[in-house]
Amino acid sequence: MAERVLVVGGGGREHALAWKLAQSPLVQQVLVAPGNAGTANSGKICNSEVSVNNHCILAQYCKDHSVGLVVVGPEVPLAAGIVDDLTAAGVSCFGPSAKAAQLEASKSFSKSFMDRHNIPTARWSSFTDPQEACEYIRGAEFPALVVKASGLAAGKGVVVARDKDEACQAVLDIMKDKAFGSAGETVVVEELLEGEEVSCLCFSDGITVSPMPPAQDHKRLMDGDEGPNTGGMGAYCPTPQVSEEELQEIKRSVLQKTVDGMRDEGTPYVGVLYAGLMLTKRGPKVLEFNCRFGDPECQVLMPLLKSDLYEVLKNTLRADLSSSPVQWLEDGVAVTVVMASGGYPGSYKKGLEITGLSRVSEMGVQVFHAGTALKEGGGVTTSGGRVLTVTAVRPTLQNALRCANEAVAAIGFPDAVYRRDIGHRAITYLTRTRGLTYKDSGVDITAGNRLVDLIKPLAKATSRPGCNAELGGFAGLFDLKAAGFIDPILVSGTDGVGTKLKVAQACGLHCTLGQDLVAMCVNDVLAQGAEPLFFLDYFSCGRLDVGVASSVIGGIADACQTAGCALIGGETAEMPGVYGPGEYDLAGFCVGAVERGAVLPRLRDITEGDLLIGVASSGLHSNGFSLVRKVLERLDLQYGAPAPFGPPGQSIGDVLLTPTKIYSRLLQPILRSGAVKAYAHITGGGLLENIPRVLPPELAVDLDATRWRIPSVFSWLCVHGCVSEEEMSRTFNLGLGAVLVVSRPEGQRVLRLLRAREEAWVIGSLAHRQPGQNTHTHTHTHTHSRPEGQRVLRLLRAREEAWVIGSLAHRQPGSECVVIRNLERSLKESPGRSPDTSALQNGEQSSRKRTRVAVLISGTGTNLQALMEQAKKPSSSAEIVVVISNRPGVTGLKRASMAGIQTRVVDHKQYGSRAEFDGTIDRVLEEFAVELVCLAGFMRILTGPFVRKWSGKMLNIHPSLLPSFKGVNAQKQALQAGVRLTGCTVHFVAEEVDAGAIVVQEAVPILMTDSEDSLSERIREAEHRAFPAALELVSSGGVKLRDDGRIVWSHSLQG
């Protein structure tokens, strides 16, 4: 008797499963919950609205509708125990138990399991403390560059870092910034493996494994494996890179071992086991396990399955796989291409009409729906990121890809995104040729030798004590003793020049890139206090142009001389097919040395009040060029056009290709003097990401953007590229190539030395880091004057322009690290202007005394915004010095931080009593010398002692015309009372709720058509006028509260 089957899920994978199950004569109907447009009323297949999250309801539904088998697609319900609950209720369900699904749900469990059962995998460790994770990354003897959220993260919780710093940042993003939510409470850090990545799935009945043909997913969004990671943009099956022998080895050493191990531990694994593998030189190693079919792997596996899927699933549940082998097509290859919404994997539009689906049905391909919905009146629209998966099965991979691509081209919806190169690795593998000469393949050894002859004398000219810079050996030698070192520590750095290459190649100007490359590496080595000793380069291209290569490497040799390091070797790699005509890439490697006692940063010596000295950059240096190119593209500007920024007479390309400054000869004498405690090279990540890398975690940075000269190119990019100030400071150096941390007494001497050759400024200071404070803020407030800053400036300016740009102070745990004041004004109002050093020269500028205000919030902070805008006015008598929230992460905190205002979080959930909570609030207010408190949507009732202490110094706003409609739901009370007028009231806070003396009221008429929402919105607009007015009245002294609770009005308001 035919059965009814329910498939849980709504993506392309679930459509493919339903499609295959519907082909079985043993299946009467396939229900899909929730399904999509492709599974709605398609033959045997239809959608169901049953809730799959409530397992009790689902079990009863299955019984009521005679569902004989439930097949679970996604991993989340499996981890939530859907199989356990349905099985316990007497409903047959295909998939592993919740305990078995830990293989996917917990990366930490999975890795420990593999270690216990000797299953080959990358070396690893798991952490719940981000500091310990970063220490492991930096100390591992292997590249510990893969960082994974241990829990379920929708297939996106893995970061493959380029270096240790990026890996540590990934740890912080996952654990501190909650990039993947609770999935990242534990992270797994593991070794970066090299090789071919494949997906090997199998059916498991708890004893026997039945492998499926190996497949390969394509995670990157764009052709050539470029762009961001996605859930998968296509797949093909089988993969020719996996031989039959390798497949048997994978079955033995991975799949069978895993199933045996789970059974031995009392958790039989029944369902589909998915092993993501890397085929390394030492054999296959497991990257991860999944506890279900992959998506989009399922869409290529199902069309290749010859056996009846329903029977296979039933045999698996009956532990009968050994007697019923699963059959697969042997003469076909499947390719699936994912069509995604424009903007995916970020935000995207929904509801776009899809056309061409009927035409595709005649092309011999199968379209599996994912993010689709039925349109009222007919038709199909988009409803998700990945919209469709188009699958073709043909005798060869090339034919299958061609047919799938033709079908994709016949389907249309606005801004559709898809790849055209699915299976490109396999095609490359299959079309390998043999018997040709190296030159026939595109590699010209003669040209390479000619290049070496040209650059040998250039390298020889970089010889220095310790090295004669002779090219031609297998490796370069360096004698540390001959270089004068006694007890040295070696320091290494590597970098490239990013997409500045694209600008140089477009302009045909190659000679400056050498200095960019050397500078990026040498300046990094300097950050450890090291003297750069020697340099190696890597030049790769599709076809070697000796003229271009010699120009680039000649620039490298010249820059090495400038930096004082020897060019002792390099590699020229000619790789046909990897690069387009005229394209090449660069990488550099620098090694330096520093005496053991002189290593930077000296974290123990860095203290609150230390000054930050900024050394001028030459412009963009070598970071942020992808964003620059995007801005130029949007504005339709060519590199040859006159530059709207920079010196007159230069083209855009000329300004952009200004080489990166090399700071080694400038900074080495100053570093050796011991005056500098830390040096941050401002590279990718801008000011926000680089300065914290050299600071103790308890200190925060306070910068003032009026203190240094911001080149006009940055102002132009900000204004004409519509780039936010935060994005600017996180991407570009903003005119500062290096930032030094010095003590205040040393400041003037260092500045004199620097300014002999370079621009430098005191740009800020270090301060206490406040909880909830964002990395980047900007205000119009100057930092305090420090007499010691003058001495630092004089020393730096002896050789270059230098500015004191900030100083250091302690920060609070969990807060961000860098505050940039006056950035918006400096970028937009006066690009290229001379820096404001008056505060340092003449002492802190006197200003009219303002009342110090704290604002207490609990949420979005719309009234806070109105108060901040009032306080920003030059005529205002109020200065908001701190914003305090009883809830972490709320929008109001971000509003404050973006305005340059200190923030604090005092989470009421962490306190045992209201009095203890209020006491903490009070201490924060005292810390900031607060004189007036404003409650702006603060959803806590304050205790009597606190209210009495701040009597006459605390304002609240209420959404009614008090004394009417006190308490909560004031708008609803007004509507129910039938009054025709309500409004808002700003009043002094008294012990009785909403009963203090009234300062300002504004009336709002109630319309006949008003709902609670519409009335609330108009009252909110009135609040944004009334609260700032009341703030001004009280802060200026125009309104005061007498001891008897009555208001006193002044006839002449101050300021």
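## The Asp1010 pair

At 13% relative accessibility, aspartate 1010 counts as buried, because the cut-off for that class is under 20% relative accessible area. In this predicted model, aspartate 1010 forms a salt bridge with arginine 1018, and the closest N and O atoms of the pair are 2.1 Å apart.

Aspartate 702 forms a salt bridge with arginine 821, with 2.9 Å between the closest N and O atoms. Because aspartate 702 lies in strand β30 (residues 699-704) and arginine 821 lies in strand β34 (residues 818-821), the pair ties together parts that are 119 residues apart in sequence.

Aspartate 421 forms a salt bridge with arginine 419, the closest N and O atoms being 2.9 Å apart. Arginine 419 counts as buried at 0% relative accessibility, and aspartate 421 likewise counts as buried, at 14%.

These two residues also belong to a network of salt bridges, in which Arg419 and Asp421 are linked with Glu196, Asp223, Asp225 and Arg425.

## The structure as a whole

The structure holds 44 salt bridges, among them the aspartate 1010 to arginine 1018 pair, the aspartate 702 to arginine 821 pair and the aspartate 421 to arginine 419 pair.

How values were computed:
Residues numbered from 1 in each chain as written. Predicted model: local features only at pLDDT ≥ 70, side-chain atom pairs only at ≥ 80, totals over all residues. Heavy atoms only, no water. Salt bridge = Lys/Arg side-chain N within 4 Å of Asp/Glu carboxyl O. Buried < 20%, exposed > 50% of the residue type's maximum accessible area, 1.4 Å probe, protein only. Helix = DSSP H or I, 4+ residues; strand = E, 2+ residues; numbered from the N terminus.
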